Amino acid sequence: MADYRVGLVSANTVGGMDKTEHFMEAFLHDAATGRLREVVHHECGSITELVADALGIRHHVSTISTACSSGANALMY
C-alpha cells in the first residue's frame, strides 16, 4: 500500500466575532466572569488544526481567512 501525502486547506470568515467581543467586554470588566469556553477555539486556525488532527493530516495544514472570499481563495490556493 502506498503512503499518500495529504494536505488540508480550510476557509473561514469572521462569523462569530461577536462572541469574542462579548467575552472581552465581560473579561475586562471582571476577569473572573469571562466565559473562555465560548472563544477558546475562536482563533481562525483552531478549527483547521482540530480537523487536521482528527483526520491525521500532518503534511500541509493551512487556513485562509479573507471574509467572504475565503472559499474562492482556498480553491485558488
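Predicted model: local features only at pLDDT ≥ 70, side-chain atom pairs only at ≥ 80, totals over all residues.
1. **Overall make-up.** The protein has three helices and two strands. The protein is more spread out than a compact globule, because its radius of gyration is 16 Å, well over the 11 Å that the globule rule gives for 77 residues.

2. **Dimensions and surface.** The C-alpha trace spans about 55 × 30 × 10 Å along its principal axes, which you can check by turning the model. The accessible surface of the protein comes to about 5,900 Å². Carbon and sulfur atoms hold 59% of that surface.

3. Of the 77 residues in the protein, 18% are buried, where buried stands for under 20% relative accessible area. Among contacts with a separation of 6 or more, 57% are between residues 24 or more positions apart.

4. **His-60, a residue worth a look.** You will find His-60 in strand 2, which covers residues 60–65.

5. **What His-60 touches.** Setting aside neighbours within four places in sequence, His-60 is in contact with Val-6, Gly-7, Leu-8, Val-9 and Tyr-77. Take Val-9 from that list: His-60 and Val-9 are 51 residues apart in sequence, yet their C-alpha atoms are 7.9 Å apart in space.

6. **The largest pocket.** How much space lies in the largest pocket? The volume is about 220 Å³. The pocket is lined by 14 residues, and those closest to its centre are Asn-12, Thr-13, His-42, Glu-43 and Cys-44. Two elements, strand 1 (7–12) and helix 2 (46–55), each give two or more residues to the lining.

7. Which element gives the most to the lining of the largest pocket? Strand 1 does, with three residues. Sorted by class, the lining has eight polar, five nonpolar and one charged residues.

8. Strand 1 (7–12) contributes to the pocket lining, and the contacts of His-60 include Gly-7, Leu-8 and Val-9.

Terms used. Residues numbered from 1 in each chain as written. Heavy atoms only, no water. 1 Å grid on protein atoms, 1.4 Å probe; cavity = no way out; pocket = protein on both sides within 12 Å on 5 of 7 lines; lining within 4 Å. Points joined across faces, edges and corners; volume = space filled by probe spheres on them. Helix = DSSP H or I, 4+ residues; strand = E, 2+ residues; numbered from the N terminus. Nonpolar A, V, L, I, M, F, W, Y, C, P; charged D, E, K, R; others polar. Rg over C-alpha atoms; globule rule 2.2 N^0.38 Å. Buried < 20%, exposed > 50% of the residue type's maximum accessible area, 1.4 Å probe, protein only. Contact = heavy atoms within 4.5 Å. Areas by Shrake-Rupley, 256 points an atom, 1.4 Å probe, with all protein chains shown as cover.
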